[in-house]
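User: Please examine the structure shown below and answer some questions about it.

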Amino acid sequence: ALLRADVVSIFPDYLAPLRLSLIGKAIDTGLVELGVHDLRTWTHDRHRTVDDTPYGGGAGMVMKPEPWGAALDAIVPAGSATTPRLVVPTPSGRRFTQAVAAELAAEQHLVFACGRYEGIDSRVMADAATRMRVDEISIGDYVLNGGEAAVLVMLEAVVRLVPGVIGNPESLTEESHAAEHDGLLEGPVYTKPTSWRGLDVPPVLLSGNHGAIAAWRRDQALERTRRVRPDLAPSPLDGVEGVVVGVA
Ligand code: 6GU
């Protein structure tokens, strides 16, 4: 397999959708290997305890280090040829972007540690960092109850970038956030019929004039980006020769 991904969670069933659709097919064809593990496998007490009260006080519970240490020891083979990357989903991590997805897609082995409650005892990350690269990553500025849904999001973005997973690689470069798009959002798209419920497909798309179509699409992309994501829109002087602004 080009990519192996291991996910550790106290709700392994939450990761079942990874076996569906595009990721499922990548697993079935052997391009991607997936392991989903129940953290409680590495508990030894009657109640299979994974959490405890936080030192220093405060609300909520913190995940105990021992089960995580044992889980990572079992999943990451000692002295393996390639050092895996440990991804810890957390709202306090660095932001997941298309560039981070591409970075992760280039790895051979990803391990995802799904925390619940107020997070995982920080020594787990400190200890893991002696053997692997550790990345605490957030998928956005909102709070989830656990990392599982974030792992579904991240793996969907990552696996489709693994070579061979998408049949037509051109569709990888033609979408929103692709570098080829100059960082603009993709504009509206249309298919048959040409008229539907009184709404017509923009005539330029039926013109056969490829130059005019490309110019129209660029214009639509720019308009949409300015309207819904002004933070991504190019500044008016972008691309004007001889003018350089905002460079440190
Ligand atoms: Cl990656 N995990 C959790 N638990 N909450 C989040 C998140 C991740 N990203 C945003 N909120």
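Analyst: Domain bounds come from an automatic or database domain assignment. This is a predicted model, in which local features need pLDDT of at least 70, side-chain atom pairs count only at pLDDT 80 or more, and totals for chains, interfaces and linings use all residues. Residues are numbered from 1 along each chain as its sequence is written.

User: What distance separates the centres of domain 1 and domain 2?

Analyst: The assignment places domain 1 at 3–159 and domain 2 at 174–232. Taken over C-alpha atoms, their centres are separated by 37 Å.

User: Which residues of helix α2 are buried?

Analyst: Helices (H or I, at least four residues) and strands (E, at least two) are DSSP runs, numbered from the N terminus. A residue is buried if 20 or more other C-beta atoms lie within 10 Å of its own, exposed if 12 or fewer, and partly exposed in between, with C-beta atoms placed from the backbone. In α2 (residues 65–75), the buried residues are P67, W68, A71 and L72.

User: Is G115 buried or exposed?

Analyst: G115 lies in the loop between β6 and α4, and the UniProt annotation "binding site" (unreviewed entry) includes G115. UniProt positions are given in the numbering used here, feature names are shortened, and annotations may be inferred rather than shown by experiment. Because G115 has 25 C-beta neighbours inside 10 Å, its class is buried.
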